[in-house]
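The sequence and the structure are shown first.

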Amino acid sequence: MLKQVQHDGEGMVPFIRLSATFIKQRSIMMKNLPSLCAGSGALALFLSVQSAHAQQAVPPADDVEPEIVITAPKLAGSVDVDIPADVVLDEAAIQSYGASSVTDLLSALSAQTRSGRGRSDGPPVVLVNGKRVSGFREIRDLPSEAIQRVEVLPEDVALRYGFTAEQRVVNFILKDNFAASTGEGDIGAPTAGGRTSYEAEAGLVRIGKKGRLNIDAEYTRAGKILERERGIIPDGPDETAYRSLSPSNEAFKINSVLNRTIATDVSATLSLQHDRADTESFFGISPASVGAVDPLVRNARTRAWSAGLTLDGRLDRFNWTATANGERTTTRTLTDQNVAQPSGRDLARSQVSVGNASWSITGPLLELPAGPVTTNVRTGFEARAIDSFSDRAGVSRSASISRDEANVRGNIDIPLASRRRAVADALGDLSINLNGGYRKLSDFGAITAYGYGLNWSPVQGVTLLASVSVDEAAPSSSQLGDPALVTPNALVFDYVRGETALVALTSGGNPFLRAEERRDVKLGLTYLPKWLDGLTLTANYFRNRSTDPLASFPALTAAVQAAYPNRFTRDAGGRLIAVDQRSINFLAARSEQLRWGVSFQKSFGQTGGGPGGARAGMGGPPPGAAGAGPRPGGGGRGFGPFGGNGGRWSLSAYHTIKFVDEVDIAPGIPTLDLLGGDATGQSGGTPRHAFELEGGWFYRGIGLRVNGAHQTATQVNAGGSPLRFSDLTTLNLRLFVNFDQRKALVEKMPILKGTRIALRVDNLFDDIQDVRDATGLAPLRYQPGYLDPVGRTFEISLRKIF
């Protein structure tokens with residue numbers, strides 16, 4: 001008898017009970033990984049017992065017809081790992097986002113792609129067809145219609161590609177055959193007025209058997225926002241017409257990518273990009289004004305050229321990738337000072353040159369009963385140089401900092417148990433991971449890293465990930481060597497005196513920064529219930545410990561002033577007049593948090609077939625991966641290339657709970673509890689709770705997307721007058737129409753073929769954080785216009801694809 005086998009019957013405790021267990025048992029989680037794994041084992045044992053009870057009623061083997069298990073074939077370009085994806089989008093799901101490009105799609109998926117590890121807010125690791133790329137520019141401008149599938153995977157998968165486990169992994173699988181030209185124009189403005197922004201973009205893409213070509217050009221422009229336009233109450237003479245809250249900017253970018261197959265199983269990708277950006281800011285009235293009033297002006301100009309080369313191929317059982325990058329960025333800043341100078345404007349100029357190359361190889365090292373031992377080895381080098389020059393008040397300074405780096409990193413995954421291979425299958429699927437890295441820096445010496453973890457699926461649909469990561473992080477060349485830049489008339493809040501101050505603010509590099517030592521623990525759970533297709537539940541606990549953490553200069557409290565007295569300048573009356581806010585090393589930092597959430601996507605109204613398959617939408621591993629297979633439920637039969645005649649809705653929600661967030665800034669200074677009334681920044685303490693929401697509805701070409709965030713209130717008790725920072729909720733709305741799905745209308749107006757019109761509203765409720773002191777008044781530094789000068793904005797866009 002030939003039939004599909006549904007492996008249900010595995011028991012599962014309610015997800016909310018698991019979340020509560022995470023919180024209640026966090027003291028146990030804090031100790032070390034073995035205790036975390038022990039707790040995971042207890043959970044898995046319970047699940048296994050439940051599974052055994054569910055299977056006790058199975059009839060004797062003689063009474064059962066033999067069955068043939070059908071396994072879905074692995075999609076070419078999928079990430080071949082035994083860790084399930086947190087999010088999977090097919091063509092129809094991708095089109096339901098109404099995104100123009102890969103960049104827009106990643107922005108729409110920010111809640112799902114954000115790492116909870118707490119180390120970096122940087123972008124995720126990006127793969128193309130399951131392979132490394134030289135940089136994001138290789139794919140950033142591809143239209144969303146060129147993407148066949150998107151997979152979002154946990155941070156642990158980054159280890160398999162030679163990266164550290166600090167960012168999630170997003171794999172874009174491209175269509176085999178696609179050609180299009182695109183044009184798009186946007187215009188937008190805040191409802192409070194004061195600026196108008198424009199954007200125009202044109203692109204060309206060709207994807208075929210021999211490779212792909214992508215060319216894209218983009219121009220943007222936006223005006224400045226003045227204090228007067230936001231009703232700012234001045235501290236002293238009224239200069240609000242000559243002080244900008246947001247600078248004017250103008251930018252142009254052109255990017256080109258060429259990919260070709262150059263030999264059997266070998267392809268090459270070359271990318272070239274040029275960026276230009278100019279900004280202008282006002283800082284008040286110039287003291288040199290004679291007759292007509294002239295503002296203090298800062299003009300900044302940035303020019304950048306970058307190139308990348310990727311080679312990838314196959315060597316026996318191993319896949320290899322070689323990448324090379326080169327980049328040069330020049331920046332020039334001219335600033336009027338708040339005193340009359342015969343030498344003219346202050347000048348700061350820098351040139352950053354970067355070149356790097358790496359080679360990575362991945363594949364099965366040997367075969368064990370439970371499966372192949374897979375390994376990844378990456379080696380590379382980087383050369384970086386910063387040449388800077390500054391001229392302030394006639395005093396010139398120049399500096400050159402260079403850094404050469406050689407690095408190597410390795411990762412090995414060892415399977416111990418396998419259900420599919422009937423090896424210790426009572427344990428389910430179990431593997432362990434070992435990884436390590438070594439970097440030799442010319443200016444910092446040796447930097448090391450190592451880690452270990454396990455990947456356990458005690459029953460189908462449940463995956464537990466536990467890991468420990470220990471590494472060192474050196475300050476960047478920019479943190480060490482950026483030129484000194486002084487901003488006049490900068491507004492800061494002086495917690496020592498409980499008042500707003502206008503200061504000369506110094507920024508730039510600090511050559512005395514030390515390397516940071518870090519130790520992180522992660523415990524993660526993913527649950528894909530068989531009873532509801534498209535649903536994914538996740539929970540991740542992180543514990544971070546740092547020695548000598550690198551940080552921006554903290555809030556201006558009495559404790560900070562005691563630790564860094566030379567960074568503050570006060571006049572004879574004690575009023576703050578200058579602050580040096582260049583980066584520093586804290587003594588130590590500690591944090592713990594739990595991020596849990598749910599993602600669900602469902603199709604409806606299907607009347608015809610199309611690509612997509614039974615697992616169209618979100619959740620679950622890619623076909624062919626561990627735990628994959630047919631899933632019951634309303635996955636739908638998918639859509640055509642533009643979404644067909646059916647619909648789809650989706651919802652993702654995440655909740656982050658902070659348990660600990662503490663900083664030791666210097667010896668002899670009390671620990672700062674960022675959850676209990678202390679702060680290291682001008683925007684208050686750390687919210688204990690944060691929420692993220694993303695969802696949408698799409699039907700016959702009409703789409704609605706919503707994303708939002710909420711953080712709870714905080715209070716800063718430093719200084720004579722405590723400050724309360726209110727909670728903050730932002731909600732963004734996007735409404736769009738793809739006219740290709742409105743066939744009757746296109747037949748009447750053929751010009752609408754390939755056209756999409758969209759309306760976007762950011763910060764729909766115009767919510768801005770409210771800051772009050774003990775008397776109920778808002779300090780001048782925390783007027784709404786300073787906290788969010790843009791506020792609610794409307795933007796309309798028109799896009800056409802040919």
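Which residues form a positive surface patch? In this predicted model, the patch is made up of R276, R301, R332 and R349. R276 lies in strand 11, which spans residues 266-285.

Another part of the chain holds strand 23, residues 535-547. Is this strand mostly covered or mostly open? Mostly covered: 11 of the 13 residues in strand 23 are buried. Strand 23 pairs with strand 22 and also with strand 28. On the strand 28 side, L535 stands opposite F600.

A further element is an open sheet of 3 strands, ordered 33-34-37 and paired in the antiparallel sense. Its edge strands are strand 33 (714-716) and strand 37 (771-772), each of which pairs on one side only.

The pairings with bridge counts are listed below.

| Strand pair | Residues given | Sense | Bridges |
|---|---|---|---|
| Strand 22 and strand 23 | strand 22: 516-527 | antiparallel | 11 bridges |
| Strand 23 and strand 28 | strand 28: 588-604 | antiparallel | 13 bridges |
| Strand 33 and strand 34 | strand 34: 723-725 | antiparallel | 3 bridges |

Strands of a sheet pair through backbone hydrogen bonds, in either a parallel or an antiparallel sense.

Conventions:
Residues are numbered from 1 along each chain as its sequence is written. This is a predicted model: local features need pLDDT of at least 70, side-chain atom pairs count only at pLDDT 80 or more; totals for chains, interfaces and linings use all residues. Side-chain values use heavy atoms; hydrogens and water are left out. Patches are made of residues with over 30% relative accessible area and no salt bridge: like charges are joined within 9 Å, nonpolar side chains (Val, Leu, Ile, Met, Phe, Trp, Tyr) within 5 Å. Accessible areas come from the Shrake-Rupley method with a 1.4 Å probe; for residues, only the protein chains shown count as cover. A salt bridge is a side-chain nitrogen of Lys or Arg within 4 Å of a carboxyl oxygen of Asp or Glu. Lys and Arg count as positive and Asp and Glu as negative; His and the chain ends are not counted. The place of a charge is taken as NZ of Lys, CZ of Arg, CG of Asp or CD of Glu. Helices (H or I, at least four residues) and strands (E, at least two) are DSSP runs, numbered from the N terminus. Two strands pair if DSSP finds at least two bridges between them. Buried means under 20% relative accessible area, exposed over 50%, partly exposed in between (1.4 Å probe, protein chains only).
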